[in-house]
Amino acid sequence: MSEIEIAIATAAGYKAIGAGLAVGLAGIGAGIGEMAIGAAAVGAVAENKDMFGLALLFTVLPETIVIFGLVVALLLLFT
């Protein structure tokens, strides 16, 4: 293999590592956020059943961070 082929393969590997880190770290962060929000949401709904919709909304919000991580990963891989 020539030096240029090695450089191209290395760059592709670094892009894959970056994409994996983007999705993985975003997923871990969202999981930690949902852990605290989910516990509070269950407590709020247990006290007042009318809080279910708001609790569900707050539980879903951290998932948008994972979508952003996925978008970053796709941009890294396909550009």
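Areas here are Shrake-Rupley values with a 1.4 Å probe, and for residues only the protein chains shown count as cover.

A word on the source. This is a predicted model, where local features need pLDDT of at least 70 and side-chain atom pairs count only at pLDDT 80 or more, while totals for chains, interfaces and linings use all residues. Residues are numbered from 1 along each chain as its sequence is written, and side-chain values use heavy atoms, with hydrogens and water left out.

Now the fold. The protein chain has three helices and zero strands. Its pattern along the sequence is α-α-α. Helices (H or I, at least four residues) and strands (E, at least two) are DSSP runs, numbered from the N terminus.

Next, the overall shape. The C-alpha trace spans about 70 × 20 × 10 Å along its principal axes. The radius of gyration is 19 Å, whereas a compact globule of 79 residues would have one near 12 Å. That radius is taken over C-alpha atoms, and the globule rule is 2.2 Å times the number of residues to the power 0.38.

What span should helix α1 have? Helix α1 holds 45 residues, 3-47, so at 1.5 Å a residue it should span 66 Å; its end C-alpha atoms are 66 Å apart, which agrees. The expected span is 1.5 Å times one less than the number of residues.

On to burial. Of the 79 residues, 14% count as buried. Buried means under 20% relative accessible area, exposed over 50%, and partly exposed in between (1.4 Å probe, protein chains only). Which residues of α1 are buried? They are A19, A22, A26, A30, G38, A41 and V45. Their cover includes α2 (52-60) and α3 (63-78). Keep the helix geometry in mind: an α-helix has 3.6 residues a turn, so residues three or four places apart point the same way.

Contacts tell a related story. Contact means heavy atoms within 4.5 Å. Among contacts with a separation of 6 or more, 75% are between residues 24 or more positions apart.

A55 lies in helix α2. A55 counts as buried because its relative accessibility is 11%. Not counting residues up to four places away in sequence, A55 touches A41 and V45. A55 and A11, 44 residues apart in sequence, are 43 Å apart, C-alpha to C-alpha.

T59 also sits in helix α2. Its relative accessibility is 24%, so T59 counts as partly exposed. Leaving aside neighbours within four places, T59 is in contact with E34, I37 and A41. T59 and A30 are 10.0 Å apart in space, C-alpha to C-alpha, and 29 residues apart in sequence.

Then the loop between α2 and α3, where we find L61. L61 is partly exposed, because its relative accessible area is 44%.

Y14, I17, L21, L25, I28, I32 and M35 make a nonpolar surface patch of about 800 Å². Patch residues have over 30% relative accessible area and no salt bridge; like charges are joined within 9 Å, nonpolar side chains (Val, Leu, Ile, Met, Phe, Trp, Tyr) within 5 Å. A salt bridge is a side-chain nitrogen of Lys or Arg within 4 Å of a carboxyl oxygen of Asp or Glu.
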